[in-house]
Amino acid sequence: IFRKRNSEMPRLYMADLFGAGLGILLSILLMNVLGTPLATILMSTPILIVAFLNSRKLQFTLPVVLVIFSAVFISKVDVFLDKPREERAPVIYKKWDAISKIKIFEYDKDYRGINIDNLANSPVYRFDGNWDRPDSLKFEFGIDVSYLIAQNESCTFLSLGAGGGTDVIQALQNGCTEVHAVEVNASINKLMTKGMLADYTGNIYNDPRVHVVTEDARAYVRRFDDTFDMIYSLSSNTFASLASGSFALAENYLFTTEAFADYYNALSENGFMMMEHQFYMPRLSSEVLIALKGLGLEEPTAHVAFYDLPKMRRNMLLLSKKPLTD
């Protein structure tokens with residue numbers, strides 16, 4: 001096209017860039033409505049149509065053949081684009097849209113798991129919605145923050161990356177009066193509010209104490225007008241992000257110096273933040289101390305503690321608005 005109509009190059013470039021911008025929006029729409037595998041095939045259709053319209057004589061047969069091939073390929077698209085793998089448990093749900101590929105595993109009748117992009121995992125506990133139960137029947141958590149929650153009579157709880165809702169269950173079980181479940185993946189929130197995980201989890205996301213937010217957690221913390229008594233983060237930055245290459249040219253804004261300043265400012269006068277991660281803790285320790293020093297705290301190290309959890313192969317950061325006691 002450029003060669004045949006070189007005199008109209010400015011208009012062609014404008015059309016090219018404008019069409020590419022619209023194509024991105026259309027691609028995202030197709031991936032969310034029809035699914036990524038089918039959208040992958042349909043995205044090639046405009047090129048084939050243009051090739052057909054600009055072909056001479058017998059050359060047009062090639063795009064026609066490719067269009068026919070694509071039509072046949074659509075019926076087998078899941079087979080060709082979704083690589084078979086040995087799953088850790090039966091898959092009872094699958095969705096692949098513009099933001100991620102989600103699968104739900106059925107481990108047993110009381111425990112499911114959300115798998116994101118074949119790498120990240122978020123547990124889902126079966127719950128009947130009844131909070132009036134003896135201690136022997138209450139949920140147990142690998143990292144239990146009930147003591148920290150109890151330091152505030154009316155605790156406002158924030159989960160950074162709520163996933164399958166185990167953070168929310170811990171907050172409600174320990175009497176939090178306001179819970180903010182922030183998750184950037186809209187499909188997970190839909191599953192928890194009105195999808196197949198809503199009844200399974202006792203409709204905890206529809207509890208009047210729970211505010212479900214589909215947004216980047218850092219952005220939500222910055223724009224929130226009030227304060228939180230407890231900020232809770234379990235592996236908010238996952239292996240899925242690393243595997244996708246998303247940090248090759250971009251920073252992870254949950255773990256910057258400015259982010260920790262935001263978290264500290266968002267805490268109430270008696271507030272705490274618990275952040276756990278598999279391998280980022282050396283970096284987090286530097287960032288949080290620089291942030292606290294930048295905020296003008298006389299003794300930044302008095303406000304943080306770091307823990308090693310060898311059995312869980314995790315490290316943990318505890319940040320307190322007030323200086324920590326023994």
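Is Cys176 buried or exposed? I looked up its relative accessible area, and at 1% Cys176 is buried (buried is under 20%, exposed over 50%, partly exposed in between, with a 1.4 Å probe and protein chains only).

Ground rules before going on. This is a predicted model, so I take local features only at pLDDT of at least 70 and side-chain atom pairs only at pLDDT 80 or more, while totals for chains, interfaces and linings use all residues. Residues are numbered from 1 along each chain as its sequence is written, and side-chain values use heavy atoms, with hydrogens and water left out.

**Cysteines**

I went on to the sulfurs. A disulfide is a covalent bond between the sulfur atoms of two cysteines. My cut-off is a pair of cysteine sulfur atoms within 2.5 Å. For Cys176 the closest cysteine sulfur belongs to Cys155, at 3.7 Å, so that is too far for a bond. Looked at from Cys155, the closest cysteine sulfur is the one in Cys176, again 3.7 Å away. Cys155 is buried as well, its relative accessible area being 1%. By the rule, I count 0 disulfides.

**Second largest pocket**

Next I looked up the second largest pocket, which holds about 650 Å³ of space. For the record, a pocket is an open set of points on a 1 Å grid over the protein atoms alone, with protein on both sides within 12 Å along at least five of seven lines; a 1.4 Å probe fits at the points, and lining residues have an atom within 4 Å of one. Points are joined across faces, edges and corners, and the volume is the space filled by probe spheres set on them.

I found 20 lining residues, and closest to the centre are Gly19, Ala20, Pro46, Ile47 and Val50. Two elements give two or more residues each to this lining: helix H1 (9-34) and helix H3 (45-53). Helices here are DSSP runs of H or I, at least four residues, and strands are runs of E, at least two, numbered from the N terminus. H1 gives the most, with 10 residues. By type I get 13 nonpolar, 5 polar and 2 charged (nonpolar is Ala, Val, Leu, Ile, Met, Phe, Trp, Tyr, Cys and Pro; charged is Asp, Glu, Lys and Arg; the others, Gly among them, are polar).

**Positive phi**

Last, I checked the backbone of two loops. Asn118 has a phi near 65 degrees, positive though the residue is not glycine. Asn118 sits between strand S3 (111-116) and strand S4 (120-125), and is partly exposed at 24% relative accessible area.

Arg313 also has a positive phi, near 55 degrees. Its loop runs between strand S10 (304-309) and strand S11 (314-320). Arg313 counts as exposed, at 70% relative accessibility.
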